[in-house]
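Here is a short report for a reader who is meeting this structure for the first time. Please look over the sequence and the model before reading on.

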Amino acid sequence: MSDSGKEEWGRLGGIINAKNAREANQAYTKWASHYEEDVKNLLFVGNETMVNGSIEFIKNEETTLMLDVAAGTGMTAQSYRDAGFKGVIDALDSNAAMLQEAEKKGLYRHTYCQEVSPDQPLSAKKESYDVLTISGAMHDNHLPADCISTLLGALKSGGLLIFNSRKTEKNVGYQEFLRQIITSLVEDSKISIVKEDTIRYHDLVSPDTGEPMMALLFILRKK
Ligand SMILES: C[S@@+](CC[C@H](N)C(=O)[O-])C[C@H]1O[C@@H](n2cnc3c(N)ncnc32)[C@H](O)[C@@H]1O
């Protein structure tokens, strides 16, 4: 890490403080080739903690189909593989440069370059996946909170939607809206909540608050 981690926080800040999704996407294109080195230096553990908190709920067979949404450079899929996930994994991400890095790992069957939005179904086949995972992307300028129904569209009935969402001051409004959407889907019998937890996100304290950096973990089941 650079002396104080300032360079890494600076590059991460370019994403966190982006004015809109387009600006965040441009920042990812510049960041793609050193994204992994930076997040490792910033002791990002959000993938491992999400995997540890969810693997027991996943049917772990060679035919199990997982879609790694907002796959980035493939760190989430790699964490599931490291934990022994045996199934087939596809990737979807809106940034071509990040996906290009992911493809080098040979982890995925198919990759889809698409921006997830509330208005458009996913390009991946409808109702075909057993599991959708999302790590590091349930916040502003990334996946809109109201895209949950779009994501559910790609899941089989009984399939799981697993995601983390970092707990920061900036993300409070996003998470309030997300909870309203989840509550309304539960009331409409579209999903059930399998698990909600708080997990580590970085093995660091926040430079802003001095508190450990945590995230929410949600596991939702499509009815
Ligand atoms: C912080 S990275 C996380 C990558 C990976 N899951 C990980 O944990 O290392 C967030 C990723 O979300 C992607 N992304 C952001 N908004 C998106 C959207 N609306 N649709 C699809 N991908 C999006 C970005 O391109 C980026 O690759």
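Two strands pair if DSSP finds at least two bridges between them. With that in mind, β4 and β5 run parallel and are joined by five bridges. The model is predicted.

**The sheet**

An open sheet holds seven strands. Their order is β3-β2-β1-β4-β5-β7-β6, and the pairing is mixed. The edge strands are β3 (111–113) and β6, each of which pairs on one side only. Direction ignored, neighbouring strands of this sheet are turned by 15° against each other on average.

Start with strand β4, residues 129–134. Is β4 largely enclosed or open? Five of its six residues are buried, so β4 is largely enclosed by the rest of the structure. On one pairing, strand β1 (residues 65–69) joins β4 in the parallel sense over four bridges. On another, β5 runs parallel to β4, with five bridges. V131 takes part in both pairings: V131 is the bridge partner of M66, and V131 also stands opposite L160 in β5.

Now move to β6 and β7. Strand β6 spans residues 191–205 and strand β7 spans residues 212–222. The two run antiparallel and are joined by eleven bridges. The hairpin they form has six residues between the strands. There, G210 takes a positive phi near 75°.

| Residue | Partner | Strand of the partner |
|---|---|---|
| M66 | V131 | β4 |
| H202 | M213 | β7 |

**Helices on the strands**

Which strands does helix α6 lie across? Helix α6 (residues 96–103) lies across β2 (88–93) and β3, and runs at about 170° to β3. Helix α8 (residues 172–187) lies across β5 (155–166), β6 and β7. The angle of α8 to β6 is about 160°.

**A pair of helices**

Helix α1 covers residues 6–16, and helix α2 covers residues 21–31. Their axes come within 8 Å and cross at roughly 150°. Angles over 145 degrees count as roughly antiparallel. That makes α1 roughly antiparallel to α2. In the contact, R11, G14 and I15 of α1 meet A24, A27, Y28 and W31 of α2. By class, this contact of α1 with α2 has five nonpolar residues, one polar and one charged.

Helix α4 runs over residues 46–54. Its buried residues are G46, N47, T49, M50, V51 and S54. What covers these buried residues of α4 includes α5 (75–82), β5, β6 and β7.

G53 lies in helix α4 too. Is G53 buried or partly exposed? G53 counts as partly exposed because it has 17 C-beta neighbours inside 10 Å, while a buried residue needs 20 or more. Not counting residues up to four places away in sequence, G53 touches D197, I199 and L217. G53 and F218 are 165 residues apart along the chain. Yet their C-alpha atoms are separated by 9.5 Å.

**Two loop residues with positive phi**

Where does E127 lie? E127 is in the loop between β3 and β4. Phi of E127 is near 50°, a positive value in a residue other than glycine. E127 counts as exposed, because it has 12 C-beta neighbours inside 10 Å.

N141 is placed in the loop between β4 and α7 (148–152). Phi of N141 is near 65°, again a positive value in a residue other than glycine. N141 is partly exposed, with 19 other C-beta atoms within 10 Å.

**Around the ligand**

Which residues come nearest to the ligand? There are 18 residues around the ligand, and A70, G72, M75, N95 and G136 come nearest. By class, the shell divides into eight nonpolar, eight polar and two charged residues.

Key
Residues numbered from 1 in each chain as written. Predicted model: local features only at pLDDT ≥ 70, side-chain atom pairs only at ≥ 80, totals over all residues. Near = placed C-beta within 6 Å. Nonpolar A, V, L, I, M, F, W, Y, C, P; charged D, E, K, R; others polar. Axes fitted to C-alpha atoms, helices over the stretch in contact; angles between N-to-C directions. Contact = placed C-beta atoms within 7 Å. Parallel < 35°, antiparallel > 145°, perpendicular 65-115°, else oblique.
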